[in-house]
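The entries follow in the order I checked them.

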Amino acid sequence: MTIKTDAILKPAGKFFNVYLMNVPVYFAVVHTPKQKYQSAGLEYAITAFVDQETRDKLESEFKLNKELFEVGRDKNKKKEIKYKTSKQLKDGEKHHYDDVIGLHGISLSVDTVDKNGYAHKVNVIDKEGKPFTADIGNGSVCNIKLFAYKNKEEMLVVSLDTVQVVDHVAYEGGKSSSGEVVDDILGVSYTVTPVGKVEDSYKTSQEA
């Protein structure tokens, strides 16, 4: 796929925002959370694809604490191609990434309730900053805003914050602030859904 993507790093007090611009996305779960893999917790998630230059920036300049995998080439911990082409699928497998060959995938997520007890919800907006409520199909192009902080190794740990839908493909088959956000990178203003700290009784029921 021939597409030019970019990554922008912007300080936000003692934290940071990382922007992935003009990225094709797959398996967007951003309206209603899903169960985490091998966990009782819930999360929002999306897979974004970036070009080689953007990957180099994320890994070398930003030092993102995330793995990226080139479509059809890079293998995961199980020594299998992470993002397979249609020619690489095994019997019973149906999901391929032919439309983003040449790009590099990165999985992004945020827990609905973090380890400190704070609730999170992904802001999903259109190009004008208005709420976008339709399901996001594979191959849609988005701008993605990530909340980030540096860990002890000086690497950026990121979590999903905002998804701005730029080119929609129809679907087939510590953030406690609220109010209006003016974002000079996305070029819009939008309303953030109020969230706060979750009561211990609620956390207990989610962890049970």
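Glu 59 counts as partly exposed, at 34% relative accessibility. I started from this residue and looked for its partner. Arg 55 forms a salt bridge with Glu 59, and the closest N and O atoms are 3.2 Å apart. I note that the model is predicted.

I then checked where the two sit. Both lie in helix H1 (residues 52-61), four residues apart, so about one helical turn separates Arg 55 from Glu 59. Arg 55 counts as buried, at 13% relative accessibility. The cut-off for buried is under 20%.

**Rest of H1**

Which residues of H1 are buried? I found Thr 54, Arg 55 and Leu 58. Looking down the axis of H1, I see its buried residues within an arc of 105°, so they line one face of the helix.

I turned to the face of H1 that points away from the buried side. That face carries Glu 53, Ser 60 and Glu 61, which are exposed.

What covers the buried residues of H1? I listed strand E1 (6-12), strand E2 (15-35) and strand E3 (42-50) among the elements that do. Strand E4 (69-70) and strand E5 (104-111) are also included in the cover.

I also looked past the end of the helix. Lys 63 follows H1 and has a positive phi, near 55°.

**Other salt bridges**

How many salt bridges does a search of the whole structure find? I recorded 11.

I looked up Arg 73 and Glu 70 next. Their side chains meet in a salt bridge at 3.4 Å, N to O. Arg 73 is exposed, with a relative accessible area of 58%. Glu 70 is buried, with a relative accessible area of 18%.

The next pair was Glu 154 and Lys 150, whose side chains meet in a salt bridge at 3.8 Å, N to O. I have Glu 154 as partly exposed, at 47% relative accessibility. Lys 150 is partly exposed as well, with a relative accessible area of 42%.

Last, I checked for shared partners. Glu 53 had already come up in my entry on H1, as an exposed residue on the face turned away from the buried side.

How values were computed: Residues numbered from 1 in each chain as written. Predicted model: local features only at pLDDT ≥ 70, side-chain atom pairs only at ≥ 80, totals over all residues. Heavy atoms only, no water. Salt bridge = Lys/Arg side-chain N within 4 Å of Asp/Glu carboxyl O. Helix = DSSP H or I, 4+ residues; strand = E, 2+ residues; numbered from the N terminus. Buried < 20%, exposed > 50% of the residue type's maximum accessible area, 1.4 Å probe, protein only. Arc of directions from axis to C-beta. Contact = heavy atoms within 4.5 Å.
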